[in-house]
Amino acid sequence: MSSEESVRLAAGDVELTVSPQNGCRVGGLSIGGTEVLRQGERYGCFPMVPWCGRVRNGLFHNGDVAHQLPLNSPPHAIHGTGRDTAWRTARTAKSEASFTYDLAEPWPYTGRVTQTFELAEDSLTLAMGIETYDTSFPAQAGWHPWFRRNLGSGEDARVDFSAAWQEQRGGDHLPTGQRIAPRPGPWDDCFGMPDGVSVTLTWPQQLELTVASRAEWVVIYDEQAEAVCVEPQSGPPNGLNTHPQLVTPIEPLEIATTWTWRRL
């Protein structure tokens, strides 16, 4: 990816790279010269919109109207269409930027998605909104960061959080609808945090980073050797069907997350 296709933000010795042409994903977050996100075209941190995680068999309903999404993770549809879309750069400054894209096929409804980034020396705030001036529809939004399990020296990251419940996972990787007590990892699981998401990654003697959001749901995925994913989102996997949140002409869907860090 050429530098012309990336937007770079800076605050002190912290640098953020956003790639609007590659799904408006964060391509890199360097803190004091240390990259904390897994590198690669599919990695970094991408927005999940207009749905998060898997949609069972790619099928969802808006009232009595059924819609079939492409099965990009057979037999399901996964992670929305925003990560596969070129976004438009709406505004950039030294440490802030915003981007937009208009919903289009294969998503069956019209609307606009806006994503903003605000970088500071000790934090990054990401915000996303979905609005429509046409037909109302169910939607979700969230983020899928791939944090490096090991920063290149020292110990692997430790994951700490306290959840009110864990969504029981079925054999198809989707919640069964039952809530269970949180279980030890490894995880590819959704957790409920009704007081807001708060998950801390600690690389001993190097860095502590907390992912926080007023959202009540987080998926934690740490089944790969290279990375740990902490994904705040507006609803659980398959939530288009089980916990639909409508985007209407008078009520957008809005979500934000803040990552804060301190050096150890």
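Biologist: What is the volume of the largest pocket?
Modeller: About 440 Å³. Keep in mind that this is a predicted model.

Biologist: How many residues line the largest pocket, and which lie nearest its centre?
Modeller: The lining has 27 residues. Arg54, Ile78, His79, His144 and Tyr221 are the ones nearest the centre.

Biologist: Which elements give two or more residues to that lining?
Modeller: Those are β15 (142-148), β17 (165-169), β19 (188-192) and β22 (217-221). The largest share comes from β19, with three residues.

Biologist: Changing topic. Where is threonine 81?
Modeller: Threonine 81 sits in the loop between β9 (77-78) and β10 (88-92).

Biologist: Is threonine 81 buried or exposed?
Modeller: Buried, because its relative accessibility is 13% and the cut-off for buried is under 20%.

Biologist: What does threonine 81 touch?
Modeller: Leaving out residues up to four places away in sequence, threonine 81 touches Val49, Pro50, Trp51, Tyr101 and Pro106. With tyrosine 101 there is also a side-chain polar contact of 3.5 Å.

Biologist: On to charges. How many salt bridges does the count come to?
Modeller: The count is 13. One of them joins the side chains of glutamate 15 and arginine 8, at 3.4 Å from N to O. Glutamate 15 is partly exposed at 36% relative accessible area, and arginine 8 is partly exposed at 49%.

Biologist: Which residue pairs with glutamate 167?
Modeller: Arginine 179, with the closest N and O atoms 3.7 Å apart. This pair links distant parts of the chain, twelve residues apart: glutamate 167 is in strand β17 and arginine 179 is in strand β18 (residues 175-180).

Biologist: How accessible is glutamate 167, buried or exposed?
Modeller: Glutamate 167 counts as buried, at 6% relative accessibility.

Biologist: What about arginine 169, which residue does it form a salt bridge with?
Modeller: Glutamate 223, where the closest N and O atoms are 3.8 Å apart. Arginine 169 is in strand β17 and glutamate 223 is in the loop between β22 and β23 (227-233), 54 residues apart. Arginine 169 is partly exposed at 33% relative accessibility, and glutamate 223 is partly exposed at 41% relative accessible area.

Biologist: Which residues do salt bridges with shared partners join into one network?
Modeller: Arg88, Asp102 and Arg112.

Technical notes: Residues numbered from 1 in each chain as written. Predicted model: local features only at pLDDT ≥ 70, side-chain atom pairs only at ≥ 80, totals over all residues. Heavy atoms only, no water. 1 Å grid on protein atoms, 1.4 Å probe; cavity = no way out; pocket = protein on both sides within 12 Å on 5 of 7 lines; lining within 4 Å. Points joined across faces, edges and corners; volume = space filled by probe spheres on them. Helix = DSSP H or I, 4+ residues; strand = E, 2+ residues; numbered from the N terminus. Buried < 20%, exposed > 50% of the residue type's maximum accessible area, 1.4 Å probe, protein only. Polar contact = N/O pair within 3.5 Å; in protein donor to acceptor, adjacent residues only side chain to side chain. Contact = heavy atoms within 4.5 Å. Salt bridge = Lys/Arg side-chain N within 4 Å of Asp/Glu carboxyl O.
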